[in-house]
Amino acid sequence: MERILVTGGTGYIGSHTIIELYKKGYEVDVLDNLFNSKIEVLDKIEKICGKRPGFYKIDLCDYGKMDELFKKNQYDLVMHFAGLKAVGESVEKPLEYYENNVSGTINLLKCMQKHNVNKIIFSSSATVYGDPGDPKYVETMETGRGLTNPYGKTKYMIEEILKDCAKADSNLQVVLLRYFNPIGNHPSGLLGEDPNGIPNNLMPIIMKVARGEIKELSIYGDDYPTPDGTCLRDYIHVVDLAKGHVSVVDKMEPGVLIYNLGSGRTTSVLEMVRAFEKASGEKLAYKIAERRDGDLAEFYADPSKAMRELGWETELTVDDAMEDTLKFLNNS
Ligand code: NAD
Ligand code: UFG
């Protein structure tokens with residue numbers, strides 16, 4: 001059975017993926033610097049799965065410590081979630097983003113090469129498509145054009161680095177998973193999205209409004225060319241996303257595989273507010289604000305490649321995600 005190193009494993013998507021990996025019997029170690037997550041996540045994983053991953057508090061930028069880790073442990077596969085992900089912050093602190101995400105990944109790849117680990121699954125993003133004109137994103141579309149922020153550029157650059165590495169090393173097996181908009185949490189309500197600091201994604205902000213930590217949600221624009229004027233996104237339940245990772249492990253082969261992980265359906269910001277209100281039974285305070293720079297009116301996944309080749313598709317809905325979010329809110 002494969003032994004997997006999960007970078008960013010105490011984070012939101014990594015922790016949910018570990019639960020699904022345990023269900024399939026994989027062994028897991030976590031590497032995380034805890035910049036955006038808490039060590040208590042490991043207790044929650046243990047409570048849910050009865051198993052606790054090995055944990056290494058290491059920064060991707062610390063090559064020496066990573067080298068030690070790979071020297072001591074033989075991994076079959078790396079799932080690489082670790083990275084900074086705040087789009088707005090990346091505009092203000094580009095060097096931090098390029099160093100952490102790009103240099104950090106180069107360190108990881110050097111360690112993998114040195115210690116003969118030849119499989120990597122990378123957390124990429126729909127953002128790599130830039131602004132292709134067509135809102136339905138297909139894996140064959142050109143990437144990298146029209147990227148407006150350093151965060152998105154790091155995802156594109158890392159994809160390109162991984163493709164080049166796979167060209168240079170015929171043993172290397174790379175999977176690029178392009179996530180759409182992950183929401184929700186484990187149905188136990190124990191684990192959820194709990195970022196350190198001020199969030200900028202929609203769901204964590206809705207959660208903070210519900211908790212009374214933020215006065216109201218600002219909806220960024222209601223004059224888009226969409227049915228209710230607010231932006232449309234493809235929201236994917238994080239448990240479905242986690243299962244997508246597991247479905248690809250057995251399908252890996254030398255070279256690069258690329259999959260969109262999304263539902264293929266869209267929901268507007270106002271519909272998200274209504275769905276949250278339905279689950280909570282309470283009104284959510286919001287106001288209509290100016291458009292946010294860089295937002296597209298609409299984009300969603302063509303998930304047919306993942307369905308065809310991995311036998312994976314989303315099973316959970318936005319309403320399921322809202323109910324699970326409520327459980328997490330009531331638990332925390
Ligand atoms: P997260 O912030 O919850 O998890 C990322 C984890 O990586 C955190 O625990 C953080 O402490 C750790 N980390 C960051 N820099 C590190 C470093 N230099 N060394 C070691 N650990 C480090 O984020 P998430 O939502 O779970 O996202 C996981 C991955 O998926 C990220 O790469 C993100 O860019 C990507 N992604 C996320 C979304 C989303 O909306 N959540 C969408 C598309 C892609
Ligand atoms: N939104 C608001 N108010 C807020 C926050 C968000 O109205 O306070 C709206 C946005 O305008 C957008 C929608 O809610 O229409 C979703 O916004 P998010 O910030 O949650 O997500 P994005 O679609 O902007 O970004 C996501 C990922 C990024 C990725 C990008 C493109 O979070 O990592 O998709 O793939 F880069």
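Colleague: Before we start, what should I know about the model and its numbering?

Modeller: It's a predicted model, where local features need pLDDT of at least 70, side-chain atom pairs count only at pLDDT 80 or more, and totals for chains, interfaces and linings use all residues. Residues are numbered from 1 along each chain as its sequence is written, chains are lettered from A and ligands numbered from 1 in the order in which they are written, and side-chain values use heavy atoms, with hydrogens and water left out.

Colleague: Okay, ligand 1. Which residues come nearest?

Modeller: Asp32, Asn36, Ser37, Asn100 and Tyr151 come nearest, out of 28 residues around ligand 1. A residue is near a molecule if one of its heavy atoms lies within 4 Å of it.

Colleague: Which polar side-chain atom lies 2.7 Å from a nitrogen atom of ligand 1?

Modeller: That one belongs to Asn100. Asp59 also has a polar side-chain atom by a ligand 1 nitrogen, at 3.1 Å. From the backbone, an N or O atom of Tyr12 lies 2.9 Å from an oxygen atom of ligand 1. For reference, a polar contact is a pair of N or O atoms within 3.5 Å; within protein, one must be able to donate a hydrogen and the other to accept it, and residues adjacent in sequence count only if both atoms are side-chain atoms.

Colleague: How much of ligand 1 does the protein cover?

Modeller: 96% of the 820 Å² of accessible area that ligand 1 has on its own. Accessible areas come from the Shrake-Rupley method with a 1.4 Å probe, and for residues only the protein chains shown count as cover.

Colleague: And which element gives the most to that shell?

Modeller: β5, with three residues. At least two residues each come from α1 (12–23), β2 (27–32), β5 and α6. Helices (H or I, at least four residues) and strands (E, at least two) are DSSP runs, numbered from the N terminus.

Colleague: What classes of residue are in there?

Modeller: The ligand 1 shell has 13 nonpolar, eleven polar and four charged residues. Here Ala, Val, Leu, Ile, Met, Phe, Trp, Tyr, Cys and Pro count as nonpolar, Asp, Glu, Lys and Arg as charged, and the others, Gly among them, as polar.

Colleague: Switching to ligand 2. Which residues come nearest there?

Modeller: Asn201, Leu202, Ser218, Arg233 and Asp295, from 20 residues around ligand 2. A polar backbone atom of Ser218 sits 2.7 Å from a nitrogen atom of ligand 2. Tyr220 has a backbone N or O atom 2.9 Å from an oxygen atom of the ligand. The protein buries 90% of the 680 Å² that ligand 2 exposes when taken alone.

Colleague: Which element gives the largest share of the shell around ligand 2?

Modeller: β9, with four residues. By class, the ligand 2 shell holds eleven nonpolar, six polar and three charged residues.

Colleague: Now helices. Why should α5 span 30 Å?

Modeller: Because α5 has 21 residues (94–114), counted at 1.5 Å a residue; its end C-alpha atoms are 29 Å apart, which agrees. The expected span is 1.5 Å times one less than the number of residues.

Colleague: What do the buried residues of α5 pack against?

Modeller: Several elements, including β1 (3–7), β5 (119–125) and α6 (150–168). Buried means under 20% relative accessible area, exposed over 50% and partly exposed in between (1.4 Å probe, protein chains only). Among the buried residues of α5 are Tyr97, Asn100 and Met112.

Colleague: And what caps the N-terminal end of α6?

Modeller: Asn149, with a side-chain oxygen 3.2 Å from the backbone nitrogen of Tyr151. Tyr151 is one of the buried residues of α6.

Colleague: Loops next. Is Asn116 buried or exposed?

Modeller: Exposed, at 64% relative accessibility. Asn116 is in the loop between α5 and β5, and has a positive phi of about 55° although it is not a glycine. Most residues other than glycine have a negative phi. Leu34 has a positive phi too, near 60°, and is found in the loop between β2 and α2 (41–49).

Colleague: Last one: where is Asn73?

Modeller: In the loop between α3 and β4. Asn73 is buried, with a relative accessible area of 9%, and its side chain makes a polar contact with the side chain of Arg3 (3.1 Å).

How values were computed
Contact = heavy atoms within 4.5 Å.
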